[in-house]
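Good morning, everyone, and thanks for coming. Let me put the structure up on the screen, and then we can walk through it together.

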Protein chains: 2
Amino acid sequence: MTMIATVLGAGYMGSAITFPLIDAGLEVRLWGTWLDDDIIEQCRHGDHPKLKKRLPVKVRLFDSGELEMAVADADIVFSAVTSEGFVAVLERYLAIGNGNTPAQRSNMYETPVLCALTKGFVRFDGRVCRISEAAEEIYREKCGILKGIQWVSVGGPVKAVELSHKVQTATVYASAFRGARDIVPLFATEYYKICTSEDVCGVELSSALKNVYSIAVGICDGMYRACCPGLYHNFKALVFNQALREMALVVEKRGGDRETVFDLAGVGDLYVTSASGRNGRFGELVGKGVPPGEAYQSMKSRGEFAEGYNTLKMGYEFARDLGIEAVRSLPLFEALYDIVFRGTGCADTMERIVRS
Amino acid sequence: MTMIATVLGAGYMGSAITFPLIDAGLEVRLWGTWLDDDIIEQCRHGDHPKLKKRLPVKVRLFDSGELEMAVADADIVFSAVTSEGFVAVLERYLAIGNGNTPAQRSNMYETPVLCALTKGFVRFDGRVCRISEAAEEIYREKCGILKGIQWVSVGGPVKAVELSHKVQTATVYASAFRGARDIVPLFATEYYKICTSEDVCGVELSSALKNVYSIAVGICDGMYRACCPGLYHNFKALVFNQALREMALVVEKRGGDRETVFDLAGVGDLYVTSASGRNGRFGELVGKGVPPGEAYQSMKSRGEFAEGYNTLKMGYEFARDLGIEAVRSLPLFEALYDIVFRGTGCADTMERIVRS
């Protein structure tokens, strides 16, 4: 029996993940949110407008009004929307069951496996929390029981465009459920290597925080790449290293495994995002002297959404709620917050971390 | 009383370290080996020929015949020669004491502190070993006792040219001796941040192995940067991440702390060396299809010495002696060895690690 995977969200990553899923032999459905109707329409006749590439022909496309059809009997559901859209989409998905658990809708497994490609924090019930924490609350509210959720957090250095071109890629799927960990290796292909982990907290926090810290690496590029290309690698490496130290501190404080930070979801993803990602580019603009709010808006108006901007804002609350005294324990995070939201100058603020 | 630091070796790093040492208020002497006499001579009248920059005027210069004067009463001795020259220089240094411990020659401390900036493996007594292991043996032979050595291994992301331009830099000094760990922070300046560690083994192995693994990152650049610049970051991050996994495995197996790999001496130094270093450039040539031996020689003939080439060869023996079954536990290391010394093709060999 063919496994059915439904992907919620037809942006970069949601569309890119259909390539390995098809190649792994799954039945794949791609549902576009109310913001994606144009994308779905274009994909019916030509290239995906963001990936600039046709999706695999076997992918079945669903527009925003067809959610119920898209998830019917799905064994695996991928959330591939942004963190900003996550709660709204999950609530809409769960509303379909009319209060029943989604369990009853899977053909093959007791409950459908929910794989979150979404990275970041969400604001829920008046506080900033990890995505899976919000999801658990929502499940409890909508379904009455927690049993319906087989949560998997997906992390690692995966640029969507490259995945769609079948570049050799490694990723990590983290779940507390052994059943889920047994299923996810079935999505692997020759170019899509899947590692599994039990550390949902570590993978989620690493995935969120690397978006923040890649801004810092980008700021180094912005400040120095043009003026002194051969003379800032020591400083950039110091910043990269400090980012990992701080990520490990937050993960450990939150009950995750600090080793997770030093593998695909942390160092791997920070490496790729810093070198070639929207958050790195946002940081680069800031490092060049563009006011942060302006840099963010101008990128957004071109469809380039630097998620780290909001993750930085929410992460600041998250860290404060953890009781980590940011100034002392997370000097780079604090420096970033000062630069992006308090308007302090890049050079002085970044160099503070050398003295920390 | 002013602390006296003698630096052995007037190449890139030996000369660069004189900048923070002078700024930290030490009396600094720079001794050139028998290969460095030209450098010392040029420094007397103008720029250091490699750094393209004048050394601080207060640095006292000594040519190869003046070793005894250079180390007289030194409190700190830096070894800044290559791993290939390390044993010969250390033996010559110790021969000065005529079998007495160098202890008697320090003004301020019981024994002079020996800080090794040298990175790599050495062949000693018929086997491949860490630099400090060779040093201990040599001390025991020459001085009869081990007490004379207060060993410090220095690591971290420090490009010499950048240090000489006083770019913000962080480094780690590892020593088993509390006394030495108490002294080294005195070398810190506003731009030279010093962290201390007790994990000599981890810092030494990280420093050696990052030269090997940065070749792998360079190979990715060579294979793909020109042909598909936006389509190999996932693979490069996978390789970078695998490098860290393997470094941690070797360090742990050898009795070091795997966390050391995930800080300045490991990930920090791998990051900087991959982005901008001779080993990365060597890898890039290999990735472009230049036969490895030819790439190594042509760089060497231009004075660009890719140390990772020999470290790869010796590291292979080192790993084998550890009993790590390389093919299974260190697939990236094995792939590198195959490419560089067995002439296998880059693409097929590198992609093996995805399937490992």
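Before we start, a word on pairing: two strands pair if DSSP finds at least two bridges between them. Helices are DSSP runs of H or I with at least four residues, strands are runs of E with at least two, and both are numbered from the N terminus. What you see is a predicted model, where local features need pLDDT of at least 70 and side-chain atom pairs count only at pLDDT 80 or more, while totals for chains, interfaces and linings use all residues. Residues are numbered from 1 along each chain as its sequence is written, chains are lettered from A and ligands numbered from 1 in the order in which they are written, and side-chain values use heavy atoms, with hydrogens and water left out.

Let's begin with chain A as a whole. It holds 18 helices and ten strands. Along the principal axes, the C-alpha atoms of chain A fill a box of roughly 60 × 45 × 35 Å. As for burial, 65% of the 356 residues of chain A count as buried. Here buried means under 20% relative accessible area, exposed means over 50%, and partly exposed is in between, with a 1.4 Å probe and protein chains only. Contact means heavy atoms within 4.5 Å. Among contacts in chain A between residues at least 6 apart in sequence, 69% join residues at least 24 apart.

Now to the sheet of chain A. In what order do its eight strands run? The order is β3-β2-β1-β4-β5-β8-β9-β10, in an open sheet with mixed pairing. At the edges sit β3 (60–62) and β10 (192–197) of chain A, each pairing on one side only. On average, neighbouring strands of this sheet are turned by 25° against each other, direction ignored. For angles like this, axes are lines fitted to C-alpha atoms, for helices over the stretch in contact, and the angles run from 0 to 180 degrees between N-to-C directions.

One pair to look for is L30(A), whose bridge partner in β3(A) is L61(A). Helix α9 (residues 200–224) of chain A packs on the sheet, where it touches β8 (150–155), β9 (169–174) and β10 of chain A, and its direction makes about 40° with that of β8(A).

R181(A) is in helix α8 (residues 178–183) of chain A. Is R181(A) buried or exposed? Its relative accessibility is 17%, so R181(A) counts as buried. Beyond its neighbours within four places in sequence, R181(A) is in contact with S175(A), A176(A), T196(A), S197(A) and E198(A).

The other stop is D73(A), in the loop between α4 (67–71) and β4 (76–79) of chain A. Most residues other than glycine have a negative phi. D73(A) has a positive phi, near 60°. With a relative accessible area of 35%, D73(A) is partly exposed.

Over to chain B. K52(B) also is not a glycine, and its phi is positive, about 55°. You will find K52(B) in the loop between α3 and β3 of chain B, and its 62% relative accessibility makes it exposed.

Next, a hairpin: β6(B) and β7(B) have two residues between them, and D125(B) in the turn has a positive phi of about 55°. Four bridges join β6 (residues 121–124) to β7 (residues 127–130) of chain B, and these strands run antiparallel. F124(B) stands opposite R127(B) in β7(B).

Last, helix α15 (residues 308–322) of chain B. Where does α15(B) bend? It bends by about 25° at M314(B), the bend being the angle between axes fitted to the seven residues ending there and the seven starting there. Twelve of the 15 residues of α15(B) are buried, so this helix is largely enclosed by the rest of the structure. Among the buried ones are Y309(B), M314(B) and F318(B). After α15(B) comes G323(B), with a positive phi near 85°.
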